[in-house]
Amino acid sequence: MSDTPFGFGLPPEEPDDGDEGKKKDQQSGGGQGPANPFGFGGLPGAGGFGGPGADNPLAAMFGSLNPTDLGAAFQQLGQMLSYEGGPVNWDMAKQIARQTVSQGAPDGTKDSSVGPAERTAVQEAVRLADLWLDDVTSLPSGAGSAVAWSRAEWVEATLPAWKELVDPVAERVGGAMGDVLPEEMQAMAGPLIGMMRSMGGAMFGTQIGQAVGVLAGEVVGSTDIGLPLGPAGKAALLPVNVDAFGKDLGVPKEEVRLYLALREAAHQRLFAHVPWLRSHLFGAVDGYARGIKVDTAKLEDVVGQFDPQNPEQLQDALQQGMFQPEDTPEQKAALARLETALALVEGWVDAVVHAAAKPRLGSADALRETLRRRRASGGPAEQTFATLIGLELRPRRLRDASRLWASLTDARGVDGRDALWAHPDMLPNASDLDDPDGFVHREHADFSELDKMLGEAAGGSPGKPDLSKEPEKDDDSE
């Protein structure tokens with residue numbers, strides 16, 4: 001598991017010599033190689049936050065500027081220091097994400113506006129996908145509309161979800177900047193703490209903007225990382241990324257689009273008709289944030305010696321690993337819940353999509369394996385969570401979950417399988433993923449009478465769980 005939830009180094013400078021500069025930078029270990037696609041410092045083995053060779057943000061800002069650009073650079077620095085919002089400067093994050101998108105993806109593809117023909121193709125693919133899914137799941141369609149996004153449109157549409165995911169972690173880290181001072185000193189040090197928090201918000205915004213911008217060059221829809229990042233009920237595909245995904249696979253473009261539409265539509269059904277699921281997943285992230293412990297001794301030392309005229313000092317401290325989250329029981333429990341829940345989501349989607357595609361698409365097996373290998377080698381979900389919150393999603397869990405859902409289908413039928421989503425307590429847990437057959441064939445309590453009573457009380461059909469109702473949470477649930 002990654003030791004650091006965020007890195008603080010700014011993205012590398014754009015080289016002056018174009019593509020040759022990029023190649024040179026990648027060969028020397030910089031840039032955005034496959035091992036660190038987001039350009040984050042602080043990944044495992046990188047020497048803490050930013051690592052010893054991380055780029056200095058002020059150098060990145062001023063280093064390659066000519067005199068005519070200095071005014072704009074100082075204006076940007078002023079905006080960083082005057083920021084008074086939340087723990088992340090989301091305006092800066094959005095700006096950097098869009099700039100990253102405009103530079104093109106690592107594979108050389110550029111973003112482009114979506115034309116009418118591509119929009120129509122996506123809408124038809126999602127419509128057909130929903131028809132196929134009707135045969136393999138009892139959950140009705142969750143896609144009220146289907147849209148085709150450019151990468152820039154994906155950034156705009158998903159930023160609200162990223163804000164909900166990231167703010168709890170950033171809040172815990174940023175709050176530590178003021179917590180280390182005695183209460184009687186905080187009033188006197190107000191301007192200093194305010195400046196540090198502004199810089200922290202800017203650095204978080206820079207890193208998140210870079211991450212989201214690079215991710216926009218890889219994702220094919222709104223649910224690639226297993227979470228509903230887009231607006232509810234809106235199935236989305238990115239045509240330029242769908243084309244890049246299908247390149248060199250030897251599979252007709254229409255089949256690739258349709259298979260990916262099946263996955264997007266299946267995710268939409270699950271999140272639309274299992275209303276507790278989204279809060280369960282996002283709550284696990286928040287639970288992780290509450291468990292973050294900050295090296296207060298090191299932070300106290302930095303605050304005591306911080307020179308407002310030398311803001312680079314704060315960046316240097318951050319690079320040395322000031323914020324090292326500990327493996328507390330609370331964090332381990334939150335990450336275990338998140339890992340298991342994501343595996344169950346992805347496993348269910350994998351199982352139902354395969355059931356729908358196998359009889360109809362000759363390339364179903366090849367596309368399924370391509371997606372599995374993509375995850376195993378560090379796809380968008382793996383990279384995002386490992387960098388953002390320290391979670392490495394194990395591909396083995398996904399295969400186990402897929403096998404479990406397929407076995408449940410054989411043993412209990414489609415309705416019996418999908419009924420398990422009625423409440424989080426009914427779902428398999430991590431130990432069940434280790435023994436899928438044991439869970440499938442285990443004797444369960446008969447909930448039929450309880451379901452009948454609940455259905456009649458709610459005015460619904462007796463005997464069938466009402467997935468439209470969000471279950472009550474106890475104090476230990478997320």
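Leu 281 contacts Gly 226, Leu 227, Phe 271, Leu 338, Ala 341 and Leu 342, when residues up to four places away in sequence are not counted. The model described here is predicted. Within the largest nonpolar core, which comprises 93 residues, Leu 281 is one of those with the most contacts.

**Nonpolar core**
- Besides Leu 281, the residues with the most contacts inside this core are Trp 154, Trp 162, Leu 277, Trp 348, Trp 405 and Trp 421.
- Helix H14, residues 329-357, makes the largest contribution to this core, with 13 residues.

**Helix H5**
- Helix H5 runs over residues 116-133, and its end C-alpha atoms lie 26 Å apart, in agreement with the 26 Å that its 18 residues should span at 1.5 Å a residue.
- The buried residues of H5 are Ala 121, Val 122, Ala 125, Val 126, Ala 129, Asp 130, Trp 132 and Leu 133.
- Viewed down the axis of H5, these buried residues fall within an arc of 165° and therefore line one face of the helix.
- Pro 116, Ala 117, Arg 127 and Leu 131 are exposed on the other side of H5.
- The cover over the buried residues of H5 includes strands E1 (145-148) and E2 (234-237), together with helices H9 (239-246), H10 (253-273) and H14.

**Leu 159**
- Leu 159 belongs to helix H6, residues 151-179.
- Its relative accessibility is 12%, so Leu 159 counts as buried, the cut-off being under 20%.
- Leaving aside neighbours within four places in sequence, Leu 159 is in contact with Trp 90 and Lys 94.
- Ala 93 is 66 residues from Leu 159 in sequence, and their C-alpha atoms are 8.9 Å apart in space.

Key: Residues are numbered from 1 along each chain as its sequence is written. This is a predicted model: local features need pLDDT of at least 70, side-chain atom pairs count only at pLDDT 80 or more; totals for chains, interfaces and linings use all residues. Side-chain values use heavy atoms; hydrogens and water are left out. Helices (H or I, at least four residues) and strands (E, at least two) are DSSP runs, numbered from the N terminus. Buried means under 20% relative accessible area, exposed over 50%, partly exposed in between (1.4 Å probe, protein chains only). Contact means heavy atoms within 4.5 Å. A nonpolar core is a set of buried Ala, Val, Leu, Ile, Met, Phe, Trp, Tyr and Cys residues joined through side-chain atoms within 4.5 Å. The expected span of a helix is 1.5 Å times one less than its number of residues. The arc is that of the directions from the helix axis to the C-beta atoms.
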